[in-house]
Amino acid sequence: MRQIRPAAIIDRSRDREFMREALALAAQGAALGEVPVGAVLVQDGEIIGRGFNCPITGSDPSAHAEMVAIRAAAQAVSNYRLPGSTLYVTLEPCSMCAGLIVHSRIARVVYGALEPKAGIVQSQGQFFTQGFLNHRVLYEGGVLAEACGAVLSEFFKARRAKPAD
């Protein structure tokens with residue numbers, strides 16, 4: 001069984017690098033008309049899962065960036081549990097994604113921008129601190145927050161500027 005490292009010795013040296021990867025994935029989603037959110041799942045310093053929002057193009061309401069990245073990672077390692085891994089996502093996770101993060105046994109979540117309406121890590125509640133959970137997830141927000149927020153702002157600004165079809 002793998003040991004999850006305590007927060008005091010977690011390696012944060014590559015957080016910005018992995019968040020830039022998530023931002024690149026968000027741009028891919030935006031190019032398809034999806035809300036630009038990207039995610040990468042990292043284990044032992046290697047990306048094992050990538051995803052961007054695709055509920056519209058995939059006709060799948062659960063196809064959030066986190067869900068897509070976690071599914072890809074689980075397939076890559078042939079395990080539905082992902083202990084010791086870190087999820088990097090450009091936007092604070094929602095309740096659906098937070099639940100999956102716990103069930104997947106992801107050790108740490110690093111997110112960029114806050115999601116004031118539906119973010120469940122910090123904005124609308126502190127989901128990962130709830131006593132009823134059977135797994136503790138470490139979390140950290142604000143990594144490249146300005147860049148992550150700007151991608152979303154630009155996307156919605158452009159969308160509002162387009163005439164309705």
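If we leave aside its neighbours within four places in sequence, S95 is in contact with A118 and I120, contact meaning heavy atoms within 4.5 Å. What we have here is a predicted model, in which local features need pLDDT of at least 70 and side-chain atom pairs count only at pLDDT 80 or more, while totals for chains, interfaces and linings use all residues. Residues are numbered from 1 along each chain as its sequence is written, and side-chain values use heavy atoms, with hydrogens and water left out.

To stay with S95 for a moment, this serine sits in helix α3, and its relative accessible area of 49% makes it partly exposed; the scale here is that buried means under 20% relative accessible area, exposed over 50%, and partly exposed in between, with a 1.4 Å probe and protein chains only. Its C-alpha atom and that of S85, which is ten residues away along the chain, are separated by 19 Å. Helices in this talk are DSSP runs of H or I with at least four residues, strands are runs of E with at least two, and both are numbered from the N terminus.

Let me turn to the packing of α3. Two packed helices are described by the angle between their axes and the distance between the axes. Helix α2, residues 65-77, and helix α3, residues 95-103, pack at about 25° with their axes 9 Å apart, where the axes are lines fitted to C-alpha atoms, for helices over the stretch in contact, and angles run from 0 to 180 degrees between N-to-C directions. That angle makes α2 roughly parallel to α3, since angles under 35 degrees count as roughly parallel, over 145 as roughly antiparallel, 65 to 115 as roughly perpendicular and the rest as oblique.

Which residues meet between α2 and α3? From α2 there are E66, M67 and I70, and from α3 there are M96, C97, L100 and I101. This contact divides into six nonpolar residues, no polar and one charged, with Ala, Val, Leu, Ile, Met, Phe, Trp, Tyr, Cys and Pro counted as nonpolar, Asp, Glu, Lys and Arg as charged, and the others, Gly among them, as polar.

The buried residues of α3 are C97, A98, G99, I101 and V102, and what covers them includes α2, β3 and β4 (108-113). After α3 comes R105, with a positive phi near 65°.

Two serines in loops also have positive phi. For S59, in the loop between β2 (46-52) and α2, phi is near 50°, and this residue is exposed at 65% relative accessibility. For S78, in the loop between α2 and β3 (86-91), phi is near 55°, and its relative accessible area of 67% makes it exposed.

Finally, the aromatic residues. A search of the whole structure finds five aromatic pairs, a pair being rings of Phe, Tyr and Trp (its six-membered ring) whose centres lie within 6.5 Å, with planes under 30 degrees apart counted as stacked, over 60 as edge-to-face and the rest as tilted. One of them joins F127 and F132 edge-to-face, at 6.4 Å centre to centre and 70° between the planes; F127 is buried at 17%, whereas F132 is exposed at 61%. Another edge-to-face pair is F155 with F156, at 5.2 Å and 80°, where F155 is buried at 13% and F156 is partly exposed at 30%. F127 and F132 also belong, together with F128 and Y139, to one aromatic cluster.
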